[in-house]
Structure formats: C-alpha cells, structure tokens
Amino acid sequence: MKNLINKRIWVPVVALTILVASSGFKSDFFEIAKQIEIFTTLFKELNMNYVDETNPAELMDSAIKNMLEELDPYTRFLNEQDVEAYKINNAGEYSGIGALVRSYESKLLIVEPYKGYPADKAGLKAGDEIIKIGDITVADFDDNASELLKGANNTSVDVTFVRQGETKTATLNREGVEVDAVPFYDMIDEKTGYIVLSRFNRKASSQTKSALQDLKGKGAERLVLDLRGNPGGLLTEAINVTNLFVPKGELIVTTKSKVKKFNQEYKTKNQPEDLDIPLVVLVDGRSASASEIVSGGLQDLDRAVVMGARSFGKGLVQRPLKLTYGTQLKVTISRYYTPSGRCIQSLDYWNRDEEGNAVRNTQFQEFTTRNGRKVQDGGGVMPDVEIASIRTNNLIDALQQNNIIFDFATDFYFDHSFDTVGDFTFTDSDFGAFKKYAQTQDFSFQTETEELLEQTMNSEDHLLGSNVQEKYKDLLLAINNGKISALDTYQKEIKKNLEDEIIKRYFYREGLYQYYLKHDDAILSATALLGDDSKYNGILR
C-alpha cells in the first residue's frame, strides 16, 4: 500500500516536472520561430523592394557574420571552402604551394615558404607580395584569393609578385603538403631532449610519442616540451599528449555547458610512455586552447614545471555543427576546466566595455595542485617560472600587428648574408637601424595611461580650464616620447622577435630551432633547471 501511495504521488510530480520543462522548451522554441519568421519576411521584402539591385548572398553573409560578432570570436560560420580548410588544418595535409600566406585587399603576402615545397622551389621569399594569380588580379578578386593557390597535385599556377619594388613572375607546381605537429626535435645536451609541438592536429600525439622514444634512445633522461606559439587544435589530441606522461584513467579536462550532453569528463585512456622523466613545458602568450589543456593539466598534476610567459587564456571548446549546402557552424559549446577545477579563460566576451571589446579578467581565484601548490584561474596558465624575454606588451604587439618587425626582417635579409646558423649575429648596431626604421613607420598604439587620460578628459573637459588642457597635451607628448624610449627599454624582448623573424629567412624554421638550442633564454633556463634535481623537485613539491 505504501509503495502504491508513493507511486501515486511520484507520477504527478514527474508529470508536473515534464510539463514545466516542456513549457520552457516551447517558450524558447516559439521565440526562435518568431524571430526567424520576422527575419525571413524582412529579408524577402528588402530584396524585392530596395531601390537598387541587391546581392542576397552577400547580404545574408553579412547578417550572419554580424550576428556572430556579438558572441565570441571562435563561433564562426564556415562556408564550403572554410569547411575544407578546417578539415585540412585538423588532418595536417593538403595540396598546394606549401607556404604560409596572409591575405590583404590588394595582395597576398608570403609570410613563410616551407622548405622544399613548391613556393620554396620556385624561389618565393617571405615578404613577396603576390598581385596576380594566373589571369586574375588579386585586387579585383572578391573572395579570399589564397584559395586560388590551392589545387590538385601536379597542377601548376603562375603568379606575379613584387619583391623590393621589382615585379617578377614564377610558375609553381602544386604538390601534397605535410603539416607536421612536431616540426623539430633534438638533443639540447647529452641528457636533455627537446620537442617542439606546434599544433594539435591528428598527428600530434603519435609524433610526440615517436620523438620522445627517439630522444630516449639517444640518451635523453629529461625533456623540454615547447608549446610556445601553439594555437591549439583537437581536444582529444591534447588528452593523448598529456597521457604520454600521466597514468591511464587520469582526469585531464572537464567540460561544462548549458547542454547536458556536452558536460563531459575526459580521462586518459592509454598506458603512459614515461611517468618519471623530468619535464619542463614552455608556454607564451600565443599558447592557447589545447596547449593550455596540456600545460595546465601537467601543472595541476605536478607532473611538469611550466616555464615562459602567461598563456593566452582561451578556456572555451568549439564543435562544428553541420548546416545545409555543405556549410557548418563552428560554435562554442562549453568551457573547459583543468584537473584542479580552473577555467583559465582570460577574456569575458559576454560583458564588454563601452567600445564593445571583451573585458579582461582581473580578479582571480586560487586553486591547488595535487601537491598543494597555489595556482589561479581566469588569466591563462601562469608559468611556475617566468622568462622575461618572451613576455609581450602593447608595444611589441603593435610592432608585430603593423608588420614593422616583419618588413624590417625582409629588408635585412636582402642586405645581409650568412652561410650557417652559427654565423648569424644581430648586433647593437643592427638594433639601432631597427629603431630608426620603426620611428619612420606609421604605426601607433595606445597605453593604458593614455586610455584612462582620454576617458577622463572626454568626460570632464567642460569642468577643466585651458591650463589643464595644455598640461594634458604636454603629458600626451611626454607619453609619446616615452614610447620611443620604450624601444630601448624592451630591447631584449624586441630583439628576440627580430631574430626569430630574420633567421627563418635564411635557414627556415628548422634553422630557427637549431639556433634556439644554443641561444634561447627559455630553453637555456629550462635545461639548467632540469639539471638541478633539488630545484626542480622543490618547485613541484
């Protein structure tokens, strides 16, 4: 009888719960359907009645992009070409000219030709500006002209480009391009191995494992894993790379979403490669996403010492959802949390400032690693040991974004020659030439002090007299003069960026990594730490 009464009570409760939940769903569904109907009728009437001819595809593309801009920068609409590029990026192979290319309105800029691939074989150099592909002028092409460089193996493409003011032509024979997740590994010294993991495509864990095995065969008893500049990639590969150094069944990432099926715990599934090898992981401000899962997980589990500069702080997970006509929506579905419970997302895209920019987190919570060490959330992965020379700031960002460093490196390459990596030098005199060059270029950046001053003056200038206004101008002039002197203040950091860009011009990326083994501050510091067992273990415990 008691069970019968409980069932009589339980059934209405369940029914009520379902009714409430379904009514909430119906409410959301009705609102979505309502807004779709409004948009459909607006779109139809606009295209039928607007005074001039409209392009429905362009209007819709603009509408979609503007809608998604209100969210985070990782939620993107992918057309058919974007979907193919997304697959290539994850697979680590494609057919084309074998070069990193940056697209502008009137040109394509060769950023880095890959050694031994078509662009390199045809003699293209970083800094070359492609203005014509076949019979198509890049400036007249509405879509991304870099797509014209791709094509089937053994097909050719003619390009017209400008180098140092001179117009040239070349014929490139396309071929299959392998994009390695591990582009370089070697021994730093007799006992220390070094692995560069540059991306998390489907090759990441297998190539890292293979490199580790080879290095151990050469005598490696400790390891430096370099994740600097690694923008991330596949979540599963991040788990598998971490699994190389931690036991099977270890929790690495938890994802949390408003959609229950996306709430998951990701644990290691394989037997580890090496649980004991002393390990240093290098990160910087361009280490993001999967790189932060690996570095944050190994830090939380006290399996590695993290060195370098604070990582990017993405903290978000995307998944491609199929749409019609071969398109997709790459949508942010959840946040991820490291083993200690940290979400390392540094930018708040849902609470923006007056100008619509995402707000950077400034208040952090403390968490503890497995051994009880203090770590923080909300601002990327903070290294256990900071390396000053690889930190960035507004000045360095502005020099990079405005191509000041890139363009100087292009000119430097054509004015100097070096036979081997060991011959390369970048002197104080060379840096002086860079300073003069930078001061002649039209680039600007705003410091936090300027932003605060500008906000204050704009909001209160009617309350302040002309005397204050004049002093304000004097202060701005002093700040601008300070920006010039900042080139000296941050000479070491800027010089490293210059050397990185210049060395690739002569000796490709492989040569840059070879140079790192003897000259890079982070690698030298990591090697010294790994050689001091007491200091290494003291950090972790």
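When I say that two residues touch, I mean that they have heavy atoms within 4.5 Å of each other. Hello everyone, and please keep in mind that this is a predicted model.

Let's begin with Glu112, a residue of strand β4, which covers residues 108–113. Leaving aside residues up to four places away in sequence, Glu112 touches Ala99, Leu100, Lys504 and Arg509. With one of these, Arg509, there is a polar contact between the two side chains, at 2.7 Å. Is Glu112 buried or exposed? Its relative accessible area is 9%, and buried means under 20%, so Glu112 counts as buried.

Now for the nonpolar side chains. In soluble globular proteins, these tend to be buried together. Here the largest nonpolar core has 93 residues, and Tyr194 and Phe434 touch the most other members. Which helix gives this core its largest share? That is α13, residues 491–519, with 11 residues. There is also a second, separate core of 16 residues, with Ile110, Val159, Ala170 and Leu172 among them.

My last stop is helix α7, residues 290–300. Why do I call it largely enclosed by the rest of the structure? Because 11 of its 11 residues are buried. They run from Ala290 to Asp300, and include Glu292, Gln299 and Gly296. And what covers them? Among the elements doing so are helix α6 (235–243) and the strands β13 (251–256), β15 (279–283), β16 (305–308), β18 (328–337) and β22 (374–376). After α7 comes Asp302, with a positive phi, near 55°.

Terms used: Residues numbered from 1 in each chain as written. Predicted model: local features only at pLDDT ≥ 70, side-chain atom pairs only at ≥ 80, totals over all residues. Heavy atoms only, no water. Buried < 20%, exposed > 50% of the residue type's maximum accessible area, 1.4 Å probe, protein only. Helix = DSSP H or I, 4+ residues; strand = E, 2+ residues; numbered from the N terminus. Polar contact = N/O pair within 3.5 Å; in protein donor to acceptor, adjacent residues only side chain to side chain. Core = buried A, V, L, I, M, F, W, Y, C linked by side-chain atoms within 4.5 Å.
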